Amino acid sequence: MSKSGSPSNAQVIQLNQLIEADDFPAYVAVYSEQTVANPFALSPTVMQWSDRILLCRVNDCEQFWLTQKQKCACDLEQLLDPILRYHHGADYIAVFANHPWQCLVYLAFQMHQQAQGIYFLQSLLSRNIYQLLEWEFWFAPQDVLVTHLETSKANRFNAASFRTRQGQLKRFISRIGLAGPFELKQADHQAMTRRFDAWTGKIWRWTFDTASDLQGFPWISLAQAPRPTVSRELEYPINQWCTIEVLLREDFERLCQQFKCDASEHINRILWQITLFNDQKICVELSFRHPYSLHRELPVFKTALYQAWYVYDDLMHKLQARDKDLDLPEAMPFIAWQVEICERIHLPPILWDLFSDAGADFRLQDLGELQNKLPVPIETYRCEASFYPERSFEAVSPGMVAEPSFDHYQWSSSSSYRPLFYYQSPIEIEAPTNSPGIFLERCASRWWLYEDPEHQNRDYYVLKDTRGRASWVYRDGDGRWFKQGEYF
Amino acid sequence: MASIPVQFSDTSLSDHLVSARLLSPTRSDQGQLLHSGIESLDRVFARVKPGDLIEWGIPPGLNGRLIPLQFLKRQIPTSVWIYHHHGLGIFASSWISHGVDLQRLFFMRSAQPVKELRPLFLEDTFKRIIIDSPKKFSKGDLAFVSQQARKYRQIVFLIRHYFLSPKQGNPYASLRLNTWQVGRGEFSLQVIKGHGADKFTMSAQQVYTNHE
C-alpha cells in the first residue's frame, strides 16, 4: 500500500477491484454479531432483513460516497471499512451488489466461509465465485424472504404453495444433477414462472439481473426516528427578513435540542413549510451541498440562515411577480411555518478524521462550510489525458485530488492557444466568407467508435469578426462550422 | 524584576511594530505580492499590497484576460474567479496550460456577486478574488468589496468588459489598467491609474511561457 492508502502500483492483478463499467453498487447486506446502534450510517434507506443482517440502499447517497472516495484518494473498500467497523464491529461481513437478493445469496456463502470484511459482487473475483455458488446458498435466504413476503402481504403470495414449489425445484435439481443456479442460467425467469410459480420466477430474475430495480423484492424500510420538526404560529403576520431571521434562529435551536445535541448528525435538506397570509401553504427547501452540522453553528446558525435567506428572497420575488395584478399585500406576509429536517446522515467522528487535511494550506472543511452558505456551487477542475477539447478536463468536487496521477504536460500544453472560456454546446455558424482565420489544430474524437471515422475530425481556427473580436471555431468533417469558445 | 504591564508586553509590542510597518508606503522587508515573471508587468504591480483593488478594462474578444492570469500561476493563495459570461463555461485545460494551479483557483458563476455571494466576501477563505465582468456591480458593491478586502487583506481584481478611462475614475482602485492583444504577437497594457509606464507591450512568448 502506498502512503496515501491507495493500492500499490506493484500489484499486477487486482481481482477485488470494481470493474470500470459498474463502479458504484446499489445495495449492501451487512452481517454482524453485535447490535447496531445506528443502522443509518451508510444510507437513510435501510431494511432489517433479520436480527443480524441489515440491507441498505447505498446508491441513495452515491454522490456523497463517491465524493468522499475521491477526496480521500482511496477506493470504496478503504473508505467504508473503518465506518463499518465502527458501527458493526471488527467481524462484520458486507456484500455490495446491484440487487439486495444477490447481496443476500453471496452473504450466505461468506457466512458459511466464516469470512470477514467487504465484498463487491461487481468485482471479477466475487463475480466468478458467485457464478459457481451451490444451491444451498441460493435457498438459504428464502426462509426469511417468506417471512417478509407474508409481512408485506405480497401480491398472490401463499407461503404453503411457495414451499411446495420449492420442494419441486429441489427434486428437479437433484434429478438433473445441477450443482448451482448458474448451470440453469439458460432458463429465463419467465420459464421458471411457467414451470414453478411467479415468486420462484421473480427470485430467479433477481439472481441474474444486473439492473438495480427491486423488481418486486419485498423492501420494508426501517422507520427512522420521527423527523425533527418545529412548528410556529406567529402572533402577527410578518414579512421582513430581520424579524423572520430572529425567529428562525430560535427554531433551529429547538431543532438542535430534538437531536439531543448529537454532533454527528448531519443534515442534507431542511423543509420549510410556510403558511402565507391568504392561508396558502408553500414548501421550500434548504439544501446543503455538504452534510451540515446544525450543532456546530450553535447559537448563530449562519449557514442555515444564509440558505433560508436565499430561499426567502427567491420566494418573495416569485410571489410579487405572481401577485402583481391582484389586490394583495406587496410582500405577502407569513402567519405560520414549520421547519422539518427531511434528510440527514449520521457521520461518526471517524469519518471526519478521514477528511483531515493537516497538510493543506487551507482547510477543506472551511471550503465545504462556505459552499453550504452559497446558492451556487464552487467549481473546480482537473486535467484529463485527452487532446480532444471536451474530454481534456473534468469538473470535480472541491477538495478532491485535483493533481492527476499522470504527467499531464503533453495534454495540457496542447491547450495553450485555446480560449479560457468555451461553449459547452457549440453554436453552429455560417461558414466564413473570406479566409477562415488562423489555423490552430486538427482534433479527432474516438473515431474508432463511429461508422464514419473520416467525419470525426475538427479543424480549429481563430476567427475574428469585423470589430476584431476573436472566437474559437471549428469546421467539422461535414464542412459545417461551429463556434466553441471566446477569447475573452 | 518588576513585571511588565500588559500594555507593554511582548505581544502588544509586536502589534505596535506591525501597525507601524503598515504606515510605511514601501515595505522592502516583504517580497512582491503579485508576481508574474514578466519584468515590465511586475514593475507596475510592485506596490500592490493586501487590501488593494485593481480594476482591469478588458473588452471581450481581445484575449486580454491572459494578463491578469499571469498572477495566478504557481504558489498562489486560495483564489476564486467569479465569472458570468452568457452560455460560456470554464475551459479548464486552457487555464492549466498557462500554468494556473487549479488546486488553488476555484470558480463561481454569478452575475451579481455581492448580492448572490455575500458570504464569500464576509470570510477570508479566498485571499485573491477576481470579479469578472459582473452584470450588476454598483458603487455600493464596490465600496463593500473594497472594505472587506482591506479587512481580510485580500487582493481583488475587478475586470470590466470595456476599456477604462481617466474621465470616469474609481477612488476604490489602487491600480487601473486596460489590456488587450494586438494581432498575434503582442499584448498591450495601458496604465490609467497607478505607478509605472503609461503604456507598454509584452510579447506573446512572454505571456504564453510558464515562468517559475
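The contact between the two chains takes 48 residues from chain A and 48 residues from chain B. Keep in mind as you read that this is a predicted model. How much area is buried between chain A and chain B? The value is about 4,200 Å², and carbon and sulfur atoms give 63% of it. On the side of chain A, the residues that lose the most area to chain B are Leu420(A), Phe421(A) and Phe488(A), which together account for 20% of what that side buries.

Let us now turn to the polar side of the interface. The rule finds 17 residue pairs in polar contact across the interface of chain A and chain B. It also finds two salt bridges there. In one salt bridge, Lys115(B) is paired with Asp313(A), and their closest N and O atoms are 3.9 Å apart. Several elements of chain A each supply at least two residues to the side that touches chain B, among them helix H11 (302–322), helix H13 (364–373) and strand E12 (421–429). Sorted by class, that side of chain A has 28 nonpolar, 10 polar and 10 charged residues.

Three bridges join E12(A) to strand E3 of chain B, residues 88–90, and the two run antiparallel. You can find one of the pairings at Tyr423(A), whose bridge partner in E3(B) is Leu88(B). Which strands make up the open sheet? There are six, in the order E13(A)-E14(A)-E15(A)-E16(A)-E12(A)-E3(B), with antiparallel pairing. The edge strands are E13 of chain A and E3 of chain B, each of which pairs on one side only. From one strand to the next, the twist averages 30°. Inside this sheet, five bridges join E15(A) to the antiparallel strand E16(A), residues 481–486. There, Ser471(A) stands opposite Glu486(A).

Chain A has another open sheet, with five strands in the order E2-E3-E1-E4-E5 and mixed pairing. Strand E2 (46–48) and strand E5 (117–120) of chain A are at the edges with a single partner strand each, so one side of each has no neighbour in the sheet. Here the twist averages 15° from one strand to the next. Strands E1 (residues 27–31) and E4 (residues 93–97) of chain A run antiparallel and are joined by five bridges, with Val28(A) opposite Phe96(A). Two helices also belong in this picture. Helix H2 of chain A, residues 76–88, lies across E1, E3, E4 and E5 of chain A and runs at about 135° to E5(A). Helix H3 of chain A, residues 100–112, packs on the sheet too, touching E1, E3, E4 and E5, and its direction makes about 145° with that of E4(A).

Next, move to chain B. Strands E7 (residues 175–182) and E8 (residues 186–193) of chain B run antiparallel, joined by seven bridges. They form a hairpin with three residues between them, and in the turn Gly183(B) has a positive phi of about 60°. Strand E8(B) is also joined by five bridges to strand E9 of chain B, residues 199–203, again antiparallel.

Finally, consider the salt bridges over all chains: the structure holds 28. One of them joins the side chains of Arg269(A) and Glu285(A), at 2.6 Å from N to O. Arg269(A) lies in strand E7 of chain A and Glu285(A) in strand E8 of chain A, 16 residues apart.

Key. Residues are numbered from 1 along each chain as its sequence is written. Chains are lettered from A and ligands numbered from 1 in the order in which they are written. This is a predicted model: local features need pLDDT of at least 70, side-chain atom pairs count only at pLDDT 80 or more; totals for chains, interfaces and linings use all residues. Side-chain values use heavy atoms; hydrogens and water are left out. Contact means heavy atoms within 4.5 Å. Buried area is the accessible area (1.4 Å probe) that two parts lose on being put together, summed over both. A salt bridge is a side-chain nitrogen of Lys or Arg within 4 Å of a carboxyl oxygen of Asp or Glu. A polar contact is a pair of N or O atoms within 3.5 Å; within protein, one must be able to donate a hydrogen and the other to accept it, and residues adjacent in sequence count only if both atoms are side-chain atoms. Helices (H or I, at least four residues) and strands (E, at least two) are DSSP runs, numbered from the N terminus. Ala, Val, Leu, Ile, Met, Phe, Trp, Tyr, Cys and Pro count as nonpolar, Asp, Glu, Lys and Arg as charged, and the others, Gly among them, as polar. Two strands pair if DSSP finds at least two bridges between them. Axes are lines fitted to C-alpha atoms, for helices over the stretch in contact, and angles run from 0 to 180 degrees between N-to-C directions.
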